[in-house]
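Hi there,

Here is the structure I promised to send over. Please have a look at it first, and then read my notes below.

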Amino acid sequence: MLAPPLCLNCPAALKKPNRPEIPRKTIYRLSIYLRCLQRLKTNGIRTVSSEGLSKVAGVKSTQLRKDLTYFGQFGTRGLGYDVDQLAHMITDLLGTSSLQPVVLVGIGNLGTALLSYKGFQEQGFEVVAAFDADARRLKDRKLPVPLHGMDELAEVLQAQHVKMAIISVPAVAAQEVANALVQAGITGILNFAPIVLVVPEDVMVSNVNLAMELENLSYFIQG
């Protein structure tokens, strides 16, 4: 299982008003637990023990129980956790109980592929608009969402109440794009550009560097 994307300029914990301060690694594991619970629901399983869920998730049962203490005391001794209840609690904590609007900046090959990905909506996110510095050149390209120029960024974000964005532009343009997004009110960025972004402390960034992930795999496959 791959480690969560490294973010060198992000706070070590997630802090939301009226919510507990939860370490970033725990948030990542909660996302894993949620996917495991969704598979259990699909298979008609209504309850699961901490040992059973931890095995499916690939973590120690002690770690899972520690992670779930952020929800307080729940579960039934001898029966385990109610699958639907726990999934609902994690979804609510992660803020994905309803579709969250997201925008994507950079309509190159990667950006176009991301727009075609159906998994975002299945997991509670809806890409509502795309942006590109050369939107006029791309106006004839068939995209599943409206395409805008960067000059329309602030207007669209405000109208759609967007707080999250995906950056899929070349490294040379990524910081400028991040600056524009932050200025327009974005507080969460998923960054596919191979560069560490400099953002204010209250802006969360997750970096997805495919080359780094392959480097990690390369180390472990060497015989």
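Which exposed residues does the face of α8 turned away from its buried side carry? They are Val 172, Glu 176 and Gln 183. Please keep in mind that this is a predicted model.

Some background on that helix: α8 runs over residues 171-183, and its 13 residues reach 19 Å from the first C-alpha to the last, close to the 18 Å expected at 1.5 Å a residue. Its buried residues are Ala 174, Val 177, Ala 178 and Leu 181. These four lie on the same side of α8, because they cover an arc of only 105 degrees around the axis. Among the elements that cover them are the strands β5 (100-105), β8 (164-167) and β9 (188-191), together with helix α7 (153-160). After α8 comes Gly 185, which has a positive phi, near 110 degrees.

The other spot I looked at is where α1 (residues 24-42) and α2 (residues 50-57) come together. Their axes come within 9 Å and cross at roughly 110 degrees. That angle falls in the range of 65 to 115 degrees, so α1 is roughly perpendicular to α2. On the α1 side, the contact involves Ile 32, Tyr 33, Cys 36, Leu 37, Arg 39 and Leu 40, which meet Leu 53, Val 56 and Ala 57 in α2. By residue type, this contact of α1 with α2 has eight nonpolar residues, one charged and no polar.

Best wishes

Terms used
Residues numbered from 1 in each chain as written. Predicted model: local features only at pLDDT ≥ 70, side-chain atom pairs only at ≥ 80, totals over all residues. Heavy atoms only, no water. Helix = DSSP H or I, 4+ residues; strand = E, 2+ residues; numbered from the N terminus. Expected span 1.5 Å × (residues − 1). Buried < 20%, exposed > 50% of the residue type's maximum accessible area, 1.4 Å probe, protein only. Arc of directions from axis to C-beta. Contact = heavy atoms within 4.5 Å. Axes fitted to C-alpha atoms, helices over the stretch in contact; angles between N-to-C directions. Parallel < 35°, antiparallel > 145°, perpendicular 65-115°, else oblique. Nonpolar A, V, L, I, M, F, W, Y, C, P; charged D, E, K, R; others polar.
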